[in-house]
Amino acid sequence: MSDPVPLTTDHPGQVASATPPAPGGSRRLSDRWLAVAFISPALLLLLAMSVFPLLWALYLSFTDYSATRGGAAHFVWFENYTAILTSAQVHLRALTTLIYVVGAVVLQTVLGFTIAYLISRRTHGRGLLTTLFLVPMMLSPVVVGLFWRFMLDAQFGVINSMLGSLGLEQVEWLTRQRTALFSLIVVDTWQWTPFIMLIALAGLTAVPKYLYEAASIDRASEWFRFRTITLPLVWPLLLIAVLFRAIEAFRLFDLVYILTSGGPGVSTETLSFHVYKVAFLGFNTGTASAYGILMVLIVIVLTQLYLRYLNKLKED
Amino acid sequence: MRYPKRIGRLSVPRRKVQLATAAMLLATTMAACGQDDGASAPKAPAAIPELTKDPLTLSFIWFEWPPAQALEAFANAEYKKERPNVTVKVKTVPNANWHDAMFTQFAAHKTDFDIAILDSQHIGEAVTNGNILDLTDFVKKNIDVKAYNPYLLAAYGQFPQAETGKRDENASLYGLPLLGDTWTMIYRKDLIGDKPPQTWDEMISAAEKCQSENPGVSGLAFHQANGSDAAAVTYNTVNGVYGGNLWDAKSRKIEGVLNDAAGQEAMDVLVNKMKPLTAKGSGNWFIDEVNAAVAQGKACIAFNWIAASGGLLDPKESTLGATREEILGKLGFATLPTQKTNLVPLGGMGMHVSAYSAEANQAEALNFMKWFEQADVQKKWAAAGGVPSRTDALQSPEFLNAGPFNKVYADSVPRMRDMWNVPEYARLVDIENTNVNAALNGAKKPKDALDDIAKEQQRVLDSSGGKGGGGL
Amino acid sequence: MAISVDEAVSTGPARDHTPPARRFGGRGRAVLEVALLAVLAVVMLFPVLWMIETSIKENRDVYAIPAKFFGFKVTLDHFKDVFVASGGGRSALSAAFLNSVVVAGVSTALATVLGVPAAWAYSRFSVKAKKDQLFFILSTRFMPPVVVVIPIFLMYRQVGLIDNKLGLILIYTAFNVPFTIWMMKGFVDEVPAEYEDAAMLDGYTRLQAFWRFTLPLLLPGIAATAVFALIFSWNEFVFAIFLTSSDSVRTAPPAIAGLIGGTTVDWGLVAAASIVFALPVLVFAYLVRKHLVAGVTLGAVRR
């Protein structure tokens, strides 16, 4: 891919600073001291608030500890882990989560990219359009969840009211197995399509014009141009956005809590929601910790992927 | 990197990381091991200790609903007359968050409330963990236990749980009744007639007839949600009415008891006879949705907690009439129909003293409870919109005239049955909620749902510690 | 450069190319595209409009079937109810808003104070295992809150931070510091290091150079970063609902969620509270529109 206007993130200025003035010994010392002084408070906070709790959770994950029952924690070693990994209940939640993550991310990617593409082809009113499209993304999941719950209400909701006006059947959006999960996906898509759109738009506007001009001269078809010029240039950026959304969707809790609280039955219970129940309904802290550690492992793998693509994007 | 030459190495942060990590690991182990508290409820004194003269705020925790505001207003108006230096604050949390909010604070061994208003079923968990005071001696000395229906007194305080309809006088008491409650049947007099259906079968056919005669109005409205104890109470009620049992408390057996023939019949009635008469999409309804359906004139017969029904008479929220009288011309309130038994669900909550609140506050809490359980105060509480528990207050005109559903409550008292009151309650009710909800919404076959409930609940009762993977 | 909305839509290499020989009527296609865009815009914005409508409707119109889009009586009562309790005095919601302001404000300030110097240090110095450190920092931000809240709960219980504003502030700071570092590192990278080098040749120490020459240039970036941190803390729900319960500590998101699940649901009030709650975020987001892409990707994608 020959890209004369790279999508790099780092400033080109840093190349020029490759030959700094020769430093004196004392300055080196003070630099080192400065770096330590500047970095360590932040790292210490993260150690205290992220690493330490996770290590604690790791320890508890090998025990049968319960936060309310008190009493000493007994080591059960890997029993929590094997119980979780072999539990049909957990497999069910994993499948639900997978469907949810894939469904939501695919839908919002397609929609977000479409909107970005359409906006990028307009010359007027783009600023306003983009700004308006971004509103859902800024809302709190609580607000989004509550309001959609109201709109999707089978009896009093505006969606069914509109369907009724069109002469269509009422739909039980939140109380049927298929529709409830679908509704969850739709609401998440509504909120996060703007995110994909924003990033796709950034990619699309960066595609240099002359590439298209050259293609025009070649009389290349529209689809051909899209496939060979637009997509390859936007794809790396889009991939970042997709992975980012996948991580976020995997972590999702609030929307489920408010929109369906996992129902009907347990058909919209995601892993996050299940781990909450284990942790706070039965206060099976040991099991919940093991469950959490497994989820963290998945997040770390996804984050690794994300960073790898990010680095690739930067190096291109 | 930018300045490779200038700075040779900067390994300090990393070394620090390792050091800190080691230190924290150590701290973790110590902290976790130091968490040993021989769990048994501390005792409250028999006599109320001397009360403070300094200003004091007595805090309750409850969930957000009208009785919470009623209690705060009532206590500040009446209790202040006796104790001018005390202000009562009723803290509220969302219903869905109620159990979590109380028990996370209990787990923290620090509560921002002095009196926890626990559901009867929460007592087991709180007592086993030592979260609330043992009031046995206090009650003996300060409370006139003969003034109560024994089961009502036991339901909100006794642990181990009382047998339905009885009180075990040798068992300890951990709470006193605050607000009694049960389900009432709410029916449209203008649509099905003045006389309420007497049996469950009659009720179903009346609803069926009403629904077919009144397009746009559904026959039934009841709790189906998978949160709180919504769908579970609904099933338990039908189960009781059809002669089923939730469990055998003595042998701790659920499997084979809950899902016996009577239990299966109850599930079948609920899913195949009652559910088809409800509004489309009502599968996530709880208190407020049922109220909305009634107020909007969308249900012939509805079931709801009495304490949550007051709003139905508010003309501002209702389309049934412009005045309270007009609404009452259309809405009737009755005790639940009977079938094989006349059981009704026990609702309501008791007052329980937090083991972690300050001594002065615990003393004040005891004093408040003693004050609250007096005959005249109970009558005033009834007049203020509360549901008392003393028999004299229940039969007083102050109570019976305060709301159209109050007679329903008074009549229901001898018919009540509670759920399991065990430390595993939260897990048990979640299993039942999700499965009944699944059955009601077609996500599971009724029989499978009931068998799953019995199997999973039995597993929870049987697995007490020592094994990994508990709570899945 | 970080992407800006304005830029993306006006000065970018726009594709207003007028290529020859369109296959099926250029105009027809443009109309189709505009129509499609309009439909998508309506779909995306409808819920927001509906929320606004609901907030100014009387309760009986809120439940009306079929839904009333026009011709309802406008009332501002719900907005009044957001701030004023039914019996007079301040409502619990308004107290929750105030708590949100304190928690979000302080945690953002803390994250900025801790994060900006760290970002500068990571940008300027060659720190050992820098990539690993930065990865570690970023990954802490991606931890599922429901998982983190379990050990945090145990930890806070030891030190008495449950149901305490400081507890929320600390955990929000911890989630905002990684964001601040990643976002600010990008901004620092954009400021040429020569400025500092030149200043140091003039006899300033590096710290002075940072303070006097680099920091002022970073201010717009710091403002943008802080705004995103503020939005995160403002909207956060999971920690808030599990770590707090009393009115004096509870922030707005759990308070708004608590509006449903009583005996009646006042959707008008829910809508009004949501709007009041969302407005500051929308205003702030508008202010930082130049840095939106960077902001929503933790500064990772800056173009």
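## A guided tour of the predicted model

Begin with chain C, whose domain assignment gives domain 1 at residues 22-80 and domain 2 at residues 92-296. The structure on display is a predicted model, with an ipTM of 0.88 and a pTM of 0.88. Colour the two domains separately; their C-alpha centres lie 33 Å apart.

**The meeting of the two domains in chain C**

Select next the residues through which the domains touch: nine residues of domain 1 of chain C are in contact with eight residues of domain 2 of chain C. On the domain 1 side, at least two residues each are supplied by helix H2 (26-55), helix H3 (59-62) and helix H4 (77-83) of chain C. Of these helices, H2(C) provides the largest share, four residues. The side of domain 1 of chain C that touches domain 2 of chain C consists, by class, of four nonpolar, four polar and one charged residues.

**Confidence along chain C**

Now colour chain C by pLDDT. The mean is 86, and 91% of the residues of chain C reach 70 or more. Where pLDDT is low, the predicted coordinates should not be read in detail.

**From chain C to chain B**

Display chain B beside chain C. Here 37 residues of chain B are in contact with 30 residues of chain C. On the chain B side, the elements giving two or more residues are helix H1 (12-33), strand E2 (86-93), helix H3 (98-108) and helix H11 (287-295) of chain B. Select H3(B) in particular, as five residues, the largest share of the side of chain B that touches chain C, come from this helix. Colouring that side by residue class shows 18 nonpolar, ten polar and nine charged residues.

**Annotated spans in chain A**

An unreviewed UniProt entry places the feature "transmembrane region" at residues 33-59, 98-119, 131-151, 192-212, 224-247 and 288-307 of chain A. Two of these spans may be selected in turn. Residues 98-119 of chain A are 100% helix and 0% strand, and the end C-alpha atoms of this span lie 31 Å apart. Residues 224-247 of chain A are likewise 100% helix and 0% strand, with end C-alpha atoms 32 Å apart.

Conventions. Residues numbered from 1 in each chain as written. Chains lettered and ligands numbered in written order. Predicted model: local features only at pLDDT ≥ 70, side-chain atom pairs only at ≥ 80, totals over all residues. pLDDT = per-residue confidence, 0-100. UniProt positions renumbered as here; feature names shortened; annotations may be inferred. Contact = placed C-beta atoms within 7 Å. Nonpolar A, V, L, I, M, F, W, Y, C, P; charged D, E, K, R; others polar. Domains from an automatic or database assignment.
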